[in-house]
Amino acid sequence: QVQLVESGGGSVQSGGSLRLSCVRSGTAYSNNYMGWFRQAPGKQREGVAAINTGTGSTFYTDSVKGRFTLSQDKGKNTLYLQMNSLKPEDTAKYYCALRSISGTFWHYFSPEYYGYWGQGTQVTVSS
């Protein structure tokens, strides 16, 4: 059974940094896509960053480019999201996800193609 467990969230002031971790278990760390999504109250879940775990290629939504860095440690089955220069608008619950669904309209920021999700970790940025 696949499990994703996030950690590293917290409360910081604007301009601060946090590093989120996502430990994956129950499945081999094979070539696939994993992503970080976030959801703020009253808003839709949005893709923040994604990685092709085989090639290491990373993708970022425009609002976090240059501030967030996604990386992986295959030996530890762990995905990281380094978040720098945090802004109040980054406040949300952050989720790690593993793709399990294919489709014609696949996109790495489409949550409907990710069948496995962690429980989420809260990030709060104050001004």
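1. In these notes a residue is called buried when its relative accessible area is under 20%, exposed when it is over 50%, and partly exposed in between, with a 1.4 Å probe and protein chains only. The model is predicted, so that local features need pLDDT of at least 70 and side-chain atom pairs count only at pLDDT 80 or more, whereas totals for chains, interfaces and linings use all residues. Residues are numbered from 1 along each chain as its sequence is written, and side-chain values use heavy atoms, with hydrogens and water left out.

2. A search of the whole structure gives four salt bridges, a salt bridge being a side-chain nitrogen of Lys or Arg within 4 Å of a carboxyl oxygen of Asp or Glu. As background, side chains of opposite charge can pair when their charged atoms come close.

3. One of these joins Asp62 to Lys65, with the closest N and O atoms 3.0 Å apart. Asp62 counts as exposed because its relative accessibility is 61%.

4. Arg38 forms a salt bridge with Asp90, and here the closest N and O atoms are 2.9 Å apart. This pair links distant parts of the chain, since Arg38 lies in strand β4 (residues 33-39) and Asp90 in the loop between β8 (78-83) and β9 (92-99), 52 residues apart. Strands, like helices, are DSSP runs numbered from the N terminus (E, at least two residues, for strands; H or I, at least four, for helices). Both partners, Arg38 and Asp90, are buried.

5. Asp90 also meets the side chain of Arg67 in a salt bridge, at 2.7 Å from N to O. Arg67 is in the loop between β6 (58-60) and β7 (68-73), 23 residues from Asp90, and this pair too links distant parts of the chain. Arg67 is buried because its relative accessible area is 10%, and Asp90 counts as buried because its relative accessibility is 1%. Through salt bridges that share partners, Arg38, Glu46, Arg67 and Asp90 are joined into one network.

6. What is the order of the strands in the open sheet of four? The order is β1-β3-β8-β7, with antiparallel pairing, where two strands pair if DSSP finds at least two bridges between them. The edge strands, each pairing on one side only, are β1 (3-7) and β7.

7. Strands β7 and β8 run antiparallel and are joined by six bridges. Within this pairing, Ser71 has Tyr80 in β8 as its bridge partner.
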